[in-house]
Amino acid sequence: MQKERKLIHPRAVWLLFALCWAVYFSAYLAKRNFSAAMTEMIGSGFLAKDRAGLINTVFFISYAVGQLCNGVLGDKFRPQRLILIGTLLSGACNLAMGAVQASWLMLPLWAVNGYALSMLWPPILRILCELLLTEDKMRCSVNMSTSVAVGTMVSYLLCAGEISLWGWRSTFWLAGGWMLLIGAVWAVGFPRVEKRAEELELPQEQQTEPAAKSGVPLRKILLTAPVLLLVIPTLIQGVLRDGVTSWVPTYVSENFWTDPAFAVLISTLLPVVNLAGPYTARFVQKRWLHTETATSAAFFAVATVALCCLITFGKNSMAGSILCFALITASMEGINLMIVSLFPLRFGKYGRAASVSGFFNFITYGGTAISTYGIGLLAERCGWGSALLAWVALAAAALLICAALAHVQRGERKNTEQGQ
């Protein structure tokens, strides 16, 4: 049996998770601050609306492309170094954003920040894959999803206080300083945790191989039928997850004539509800459905039903509409866990977990870019009814693809069991 170094002591596993969680939580402080400060920058005359939108768009493009690039780099180089570079570079970009006197400089700085932050997730997934045993790996991957919701909430709350006390520049200075601090903590903490790994003899299914020894090119993995077919559901969950969240305030405000501030408050509460999505998805997968594709199909079904309810009854009840939106976004978070976090772990034995995760994250943020522009255009020209029908069609299409993939995987599993 092949011997590998793994963390087996519960305290060592917890310390590794805490370090990774702190890094990814901090990433949301360093990227949501622009959106939070944007209104103040526009109101003060420092930034024009069109330029603010362009800066946000360029950030997402840079972040998406970075996921693809750093997924590959995360499998080729030491992942802890990429994480350190990403945190320090993001810290420097945020400090510079707070100091600039010409608004046009924000565009290249925020693009670099997007790339820097894309250096975090794929290497984190590789570290979890290589240093943890299967059950610890799964549990930590699920728990990592809380960093997104908590980071988003804390970022908006902190930025609101910072802007009222010290102005919009402070949101970038404090985020930048925090990222530099987290980088220092990572540089000191990770080597100490890594030293606690113990050499174990592992069964074949838990072994990992460096990509150089695996003999399986990334291109070959990405061209397999399951990965190719999952591209469409991944794109759709990106559209629905970020698109629905982005447009909830506008939908609520326009359909129920509510105060815009109240509508924004509702959207900030969605991340709290979304925390239930990954945990519920993992429970369903572990207890009943067993595969990521079958679980994704089930949650796309929930989203499809919720969207149909929104079309049928949504205009009559604001509370009902908000409940439907919560079910949709929580379902998308569960699917995101399945496709972007857990499915790539299957390729850890080939040394490709980071690459596959980066690829699916790239597709997810492609969906985000589509939804940011496309949903607004559709709602503006054809009304919210057409936008909701488009969401239903997308969710139903993703449901069918995931169900078909799950059926194929179930058949392959039965054949394998019969062969044994």
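The model is predicted: local features need pLDDT of at least 70, side-chain atom pairs count only at pLDDT 80 or more, and totals for chains, interfaces and linings use all residues. Residues are numbered from 1 along each chain as its sequence is written, and side-chain values use heavy atoms, with hydrogens and water left out.

**Cavities**

A cavity is a set of points, on a 1 Å grid over the protein atoms alone, where a 1.4 Å probe fits but cannot get out. Lining residues have an atom within 4 Å of a point. Grid points are joined across faces, edges and corners, and a volume is the space filled by probe spheres set on the points. The count comes to 2 cavities of 30 Å³ or more.

In the table, Ala, Val, Leu, Ile, Met, Phe, Trp, Tyr, Cys and Pro count as nonpolar, Asp, Glu, Lys and Arg as charged, and the others, Gly among them, as polar.

| Cavity | Volume | Lining residues by kind |
|---|---|---|
| Largest | about 210 Å³ | 9 nonpolar, 5 polar, 2 charged |

The largest cavity is lined by 16 residues. Closest to its centre are Tyr24, Val148, Arg241, Asn336 and Ser341. Helix 1 (10-29), helix 7 (134-144), helix 16 (318-345) and helix 17 (353-382) each give two or more residues to this lining. Helices are DSSP runs (H or I, at least four residues), numbered from the N terminus. Helix 16 gives the most, with 5 residues.

The lining of the second largest cavity includes Asp75, Arg126, Cys129 and Glu130. Helix 6 (residues 121-131) supplies its largest share, 3 residues.

**Two buried residues**

Buried means under 20% relative accessible area (1.4 Å probe, protein chains only). Asn113 lies in helix 5 (residues 106-117). Its relative accessibility is 0%, so Asn113 counts as buried. Contact means heavy atoms within 4.5 Å. Beyond its neighbours within four places in sequence, Asn113 is in contact with Ala30, Lys31, Phe59, Ser90, Cys93 and Asn94. Ala30 is 83 residues away along the chain, yet the C-alpha atoms of Asn113 and Ala30 are separated by 8.3 Å.

A polar contact is a pair of N or O atoms within 3.5 Å; within protein, one must be able to donate a hydrogen and the other to accept it, and residues adjacent in sequence count only if both atoms are side-chain atoms. The side chains of Asn113 and Asn94 make one, at 3.5 Å.

Glu292 is in helix 15 (residues 292-313). Glu292 is buried too, with a relative accessible area of 5%. Its side chain makes a polar contact with the side chain of Arg346 (2.8 Å). Leaving out residues up to four places away in sequence, Glu292 touches Gln285, Met338, Leu342, Phe343 and Arg346.

**Aromatic rings**

Rings of Phe, Tyr and Trp (its six-membered ring) pair if their centres lie within 6.5 Å; planes under 30 degrees apart count as stacked, over 60 as edge-to-face and the rest as tilted. The whole structure has 17 aromatic pairs. The rings of Tyr24 and Trp121 have centres 5.2 Å apart and planes at 50 degrees, so this pair is tilted. Tyr24 lies in helix 1 and Trp121 in helix 6, so the pair ties together parts 97 residues apart in sequence. Phe343 and Phe347 form an edge-to-face pair, 5.5 Å centre to centre with 70 degrees between the planes. Both Phe343 and Phe347 are buried.

Notes
On a 1 Å grid over the protein atoms alone, a cavity is a set of points where a 1.4 Å probe fits but cannot get out, and a pocket is an open set with protein on both sides within 12 Å along at least five of seven lines; lining residues have an atom within 4 Å of a point. Buried means under 20% relative accessible area, exposed over 50%, partly exposed in between (1.4 Å probe, protein chains only).
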